Amino acid sequence: MKTVIIKYNAGNVQSVMYALDRIGVDYLYTDDEAEIRSADKVIFPGVGEASTTMHYLREKGLDKIIPSLKQPVLGTCVGMQLMCRFSEENNTTCMGIFDVDVKRFPATPGIKVPHMGWNNITNYKSDLTKGLIDNAYVYFVHSYAAPVCEYTVATCDYISPFSAMLHKDNFHAAQFHCEISGDVGQKILENFLKR
Amino acid sequence: MLTKRIIPCLDVKDGRTVKGVNFVNLRDAGDAVELGALYAAQGADELVYLDIAATVEGRSTFIDLVRRVAHTINIPFTVGGGISSIADVSALLHAGADKVSINSSAVRNPDLINELALEFGSQCIVVAIDTRCVETSAGVFEHIVHTHGGRKPTELRTIPWAKEVEERGAGELLLTSMDTDGTKNGFALELTSTISANANIPVIASGGAGNMEHFYDVFTEGKADAGLAASIFHFREIDIPDLKQYLQNKALPMRMTK
């Protein structure tokens, strides 16, 4: 099996690679179209700002390649947001795989933004969450989120409910960081990589 | 519900954890990677590794340690100690750290906070503030930022400095009260509460934890988002699973792993 982690100007993806090492999955870290297209599984990680990242993806043609992929794709954090239609983060047009707009958490007295730390996810409807206990905790760091929509396969509540995970056809996405979400995150990655 | 976080802090020298009441009399609490993995397995929500030697020679040892920690544990961890440039941060993040903590270098050059936030994103920039309550020349007591392990006072007042580092792009504050640190009499509740209520970023409280109730107090009265401690965990005066169970029983949101 061939797993590709898409290389772009994302911040720290080292922890994603280490997570795959722990699971025992070999991977290729590349932005080469042929390599990406020939992979069995594709991971699209993300740490960064939406508009800069989209700009880079366009320059590399990745904004067209990623939505056209047929194999299972998993986007995480900003990777998930860029798979949506639009992000309020610097009013960025994204790849539009999921027909939903990413919005900033509304300013709410006494509640901090970013949403940073461990929060529980609920209402699982994903193959990736198989075997998880109810209300499993995962690690979030984000100021923008996709509202609950028809593609939502797990929700989280911060200020109001939002999409913790999305799924459409071969595309999966998680707002949280699977790679540092303890045994729960590891299980989700294993479900994606090994099923 | 977003949980309160329990964070063990591992002071590291030559790849091993050390913690003493002062740094002259170092006590050895074991291998830094193994201890971190143990804490992660016990349910620690994050880890902090501080390179207390932070010498040029020690830096490559520390980066190697960061790499081994990142390979081993599956929870977030922050590294700090002697970080003063974009290159330092880049090397540590590249080795697998999730966040970096800066302290003296932010005091010396506050623009560094802006530069790091722009380069790497606020989410991975923690600004550590060591504070001590001192009597000023005017005879009033004020919270003043200290550097050099809390020994050297600066001109900065703690409360406005905390706000300034947030405005400059810090993603998190690590507030250590040098007045309570090492006392085991509890966290500096009033100051932590003031700073946390003022901040729109998470505040990690540090310094003074001696029992489980102190954590309850800092999360309620102190309004902290996370509580950090070192020796009480290293010497097993408090076990993390017991602590989290205790706090959950008192209706605080906790990530229970067992």
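Colleague: In which sense do E1(B) and strand E12 of chain B pair, and over how many bridges?

Modeller: This is a predicted model. E1(B) and strand E12 (residues 226–229) of chain B pair in the parallel sense over 4 bridges. Ile7(B) stands opposite Leu228(B) in E12(B).

Colleague: And what other strands pair with E1(B), strand E4 of chain B for one?

Modeller: With strand E4 (residues 47–51) of chain B, E1(B) again forms 4 bridges in the parallel sense. There, Leu50(B) in E4(B) is the bridge partner of Asp11(B). Strand E2 (residues 16–18) of chain B pairs with E1(B) in the antiparallel sense over 2 bridges, and Thr17(B) in E2(B) is the bridge partner of Val12(B). The hairpin of E1(B) and E2(B) has 2 residues between the strands, and in this hairpin Asp14(B) takes a positive phi near 50°.

Colleague: How should I read the side chains of a strand, and which residues of E1(B) point which way?

Modeller: In a regular strand, side chains alternate between the two faces of the sheet. In E1(B), Arg5(B), Ile7(B), Cys9(B), Asp11(B) and Lys13(B) point one way, while Ile6(B), Pro8(B), Leu10(B) and Val12(B) point the other way. Residues on both sides are buried, and the count for E1(B) is 9 of 9.

Colleague: Now a helix. Which residues of helix H10 of chain B are buried?

Modeller: The general idea is that an α-helix has 3.6 residues a turn, so residues three or four places apart point the same way. In helix H10 (residues 240–249) of chain B, the buried residues are Ile240(B), Leu243(B), Lys244(B) and Leu247(B). They fall within an arc of 95° when seen down the axis of H10(B), so they line one face of the helix. Asp242(B) and Asn249(B), on the other side of H10(B), are exposed.

Colleague: What do the buried residues of H10(B) pack against?

Modeller: They pack against strand E1 (5–13), H1, helix H8 (212–220) and helix H9 (231–234) of chain B. Just after H10(B), Ala251(B) takes a positive phi of about 75°.

Colleague: Which residues of H1 of chain B are buried?

Modeller: In helix H1 (residues 32–42) of chain B they are Ala32(B), Val33(B), Gly36(B), Tyr39(B) and Ala40(B). Seen down the axis of H1(B), these buried residues fall within an arc of 125°, so they too line one face of the helix.

Colleague: Turning to chain A, in what order do the strands of the 9-stranded sheet come?

Modeller: The order is E2-E1-E3-E4-E13-E12-E11-E8-E9 (chain A), in an open sheet with mixed pairing. At the edges stand strand E2 (28–30) and strand E9 (137–142) of chain A, each with a single partner strand, so one side of each is left without a neighbour in the sheet. On average, neighbouring strands of this sheet are turned by 30° against each other, direction ignored. Within chain A, strand E3 (residues 41–44) and strand E4 (residues 73–76) run parallel and are joined by 3 bridges. Phe44(A) stands opposite Gly75(A) in E4(A).

Colleague: Which strands does helix H6 of chain A lie across?

Modeller: Helix H6 (residues 182–194) of chain A lies across strand E1 (3–6), E3, E4, E9 and strand E13 (171–174) of chain A, and runs at about 90° to E9(A). Lys194(A) has its place in helix H6 of chain A. Lys194(A) is exposed, with 11 other C-beta atoms within 10 Å.

Colleague: What is the order of the 4-stranded sheet of chain A?

Modeller: The order is E6-E5-E7-E10 (chain A), an open sheet with mixed pairing. Strand E6 (92–93) and strand E10 (144–145) of chain A are the edge strands, each pairing on one side only. Strand E7 (residues 98–104) of chain A and E10(A) pair in the antiparallel sense over 2 bridges, with Arg104(A) opposite Tyr144(A) in E10(A).

Colleague: How many residues does the largest nonpolar core have?

Modeller: The largest nonpolar core has 149 residues, and Met83(A), Leu47(B) and Tyr49(B) are among those with the most contacts inside it. Leaving out residues up to four places away in sequence, Met83(A) touches residues including Gly75(A), Cys94(A), Phe98(A) and Ala173(A).

Colleague: Last, how many residues does each chain bring to the contact?

Modeller: The size of an interface is often given as the accessible area lost when the parts come together. Counted by residues, the contact takes 25 from chain B and 28 from chain A. Helix H2 (56–72) and helix H3 (86–94) of chain B each supply at least two residues of the side of chain B that touches chain A. That side divides into 10 nonpolar, 9 polar and 6 charged residues.

Definitions and conventions
Residues are numbered from 1 along each chain as its sequence is written. Chains are lettered from A and ligands numbered from 1 in the order in which they are written. This is a predicted model: local features need pLDDT of at least 70, side-chain atom pairs count only at pLDDT 80 or more; totals for chains, interfaces and linings use all residues. Two residues are in contact if their C-beta atoms, placed from the backbone, lie within 7 Å. Ala, Val, Leu, Ile, Met, Phe, Trp, Tyr, Cys and Pro count as nonpolar, Asp, Glu, Lys and Arg as charged, and the others, Gly among them, as polar. A residue is buried if 20 or more other C-beta atoms lie within 10 Å of its own, exposed if 12 or fewer, and partly exposed in between; C-beta atoms are placed from the backbone. The arc is that of the directions from the helix axis to the C-beta atoms. Two strands pair if DSSP finds at least two bridges between them. Axes are lines fitted to C-alpha atoms, for helices over the stretch in contact, and angles run from 0 to 180 degrees between N-to-C directions. A nonpolar core is a set of buried Ala, Val, Leu, Ile, Met, Phe, Trp, Tyr and Cys residues joined through C-beta atoms within 7 Å.
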